[in-house]
Amino acid sequence: MPPNSILAVHLAGAALFLSACGDSMNQGTPPWERSLDDVRAEVELVRAGKDLTPESWPGGARVAVALSFDFDAETNALRDGQDSPGEHSRGEYAARVAVPRILALLEKHAVPASFFVPAVTALLHPAEVEAILAPGVHEIGMHGWIHERNSLLSEETERELMRRSYETLAEVMGKPPVGIRTPSWDFSPSTLKLIRELGLLYDSSLMADDRPYELKENGQPTGVVELPVEWLLDDYPYFGFSRFDAIRPHITPGEVLEIWAAEFDVAYLEGTMFLLTMHPKYIGHRSRMVMLEELIQYMRGHEGVWFATHEEIARYVAPGLEG
Ligand code: ZN
């Protein structure tokens with residue numbers, strides 16, 4: 001793509017972003033002129049409710065470890081309108097090299113994981129989806145249709161894409177998905193409502209705690225489990241790379257291992273949950289897979305660590321829900 005097309009894509013994205021912000025900012029009312037009731041109503045739309053950490057995890061385990069892989073493949077570039085075969089080859093790497101490498105590592109250490117897969121990825125890469133499902137221990141959850149940004153969509157379009165991705169995964173898997181990670185963790189004011197319409201068990205896109213919690217909508221418990229994420233516990237900020245802006249790796253896999261191991265140590269002491277978000281296209285490279293194996297071995301070296309899919313964790317904590 002020539003540089004001026006890239007600029008056009010960026011400007012179009014910025015314009016969409018600004019118009020979306022404008023829509024959600026009370027039609028231009030300066031934020032300091034909003035009433036406190038109005039501000040409160042906005043932040044109370046989606047909030048953290050009850051902490052769902054159980055008394056103990058299965059088998060008396062002290063901590064639950066949830067490894068997840070967002071198998072975006074080409075969808076980020078497709079979503080952004082990039083038509084470069086060069087960029088698409090990075091997405092292809094995720095399917096061709098990284099997913100098989102990740103599955104081999106998980107099998108070697110008997111670790112189940114959750115894969116969040118945009119429907120378009122599932123349709124472009126059916127063999128890899130089959131390989132994920134073949135051992136019968138991993139989960140596939142929703143991750144949008146084509147990695148769309150929910151907060152830029154009307155409620156109607158967001159609903160349509162969520163339904164389409166739900167139905168596509170149900171067909172591919174032979175059973176419906178039970179959880180979602182919104183693409184780019186982008187959660188619109190309508191997203192929780194739509195999650196409830198689909199009757200999903202859990203979401204894993206928000207950041208109000210380190211522990212599993214129940215989502216509240218307008219102050220009321222919803223019966224939806226949140227398994228929270230965090231940038232610190234995502235491979236993208238450490239390993240992401242974009243040629244045309246400042247996104248690039250600045251630290252080594254060893255330093256990332258140090259951060260993630262320290263996060264695990266405290267989760268272990270607290271008796272709660274350690275959840276990682278990774279992406280085959282970033283974590284699936286050789287040096288990083290060495291680091292991920294070291295982390296798994298480090299966690300395996302502790303007594304009472306329950307490795308589980310997001311679905312298993314959500315089902316285990318669900319009896320504590322109020323909604
Ligand atoms: Zn993603």
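Me: Before anything else, when is a helix crossing left-handed or right-handed?
Reply: A crossing is left-handed if the near helix is turned anticlockwise from the far one by less than a right angle, and right-handed if it is turned clockwise. The model discussed here is a predicted one.

Me: Which hand does the crossing of helix 7 and helix 8 have?
Reply: Helix 7 and helix 8 cross in the right-handed sense. Their axes come within 10 Å, and the crossing angle is roughly 40 degrees. Because of that angle, helix 7 is oblique to helix 8.

Me: Which residues make that contact?
Reply: Helix 7 contributes Glu155, Glu158, Arg159, Met162, Arg163 and Tyr166. From helix 8 come Thr191, Lys193, Leu194, Ile195, Glu197 and Leu198.

Me: Take methionine 162, then. Is it buried or exposed?
Reply: Methionine 162 is buried, because its relative accessibility is 5% and the term applies under 20%. Setting aside neighbours within four places in sequence, methionine 162 is in contact with Met142, Ile180, Thr191, Leu194, Ile195 and Leu198.

Me: Changing topic: which protein donors does the zinc ion have?
Reply: The zinc ion has two OD donors from Asp72, together with NE2 of His143 and NE2 of His147. These donors lie 2.0 to 2.5 Å from the zinc ion. The spacing of the donor residues in sequence is D-x70-H-x3-H.

Me: Where in the chain are aspartate 72 and histidine 147?
Reply: Aspartate 72 is in the loop between strand 2 (63–70) and helix 3 (75–79), and histidine 147 is in the loop between strand 4 (139–142) and helix 7 (155–173). The two residues are 75 residues apart, and the pair links distant parts of the chain. Both aspartate 72 and histidine 147 are buried.

Me: What angles are found among the four donor atoms?
Reply: The angles among the four donor atoms run from 54 to 138 degrees, and the site of the zinc ion is irregular. For four tetrahedral donors, the ideal angle at a metal is 109.5 degrees.

Technical notes: Residues are numbered from 1 along each chain as its sequence is written. This is a predicted model: local features need pLDDT of at least 70, side-chain atom pairs count only at pLDDT 80 or more; totals for chains, interfaces and linings use all residues. Side-chain values use heavy atoms; hydrogens and water are left out. Donors are N, O and S atoms within 2.8 Å of the metal (3.2 Å for Na, K and Ca); water is not among the atoms, so sites may look incomplete. Four donors count as tetrahedral if all angles lie between 85 and 135 degrees; four count as square planar and six as octahedral if opposite donors are over 155 degrees apart and all others between 65 and 115; anything else is irregular. Helices (H or I, at least four residues) and strands (E, at least two) are DSSP runs, numbered from the N terminus. Buried means under 20% relative accessible area, exposed over 50%, partly exposed in between (1.4 Å probe, protein chains only). Axes are lines fitted to C-alpha atoms, for helices over the stretch in contact, and angles run from 0 to 180 degrees between N-to-C directions. Angles under 35 degrees count as roughly parallel, over 145 as roughly antiparallel, 65 to 115 as roughly perpendicular and the rest as oblique. Contact means heavy atoms within 4.5 Å.
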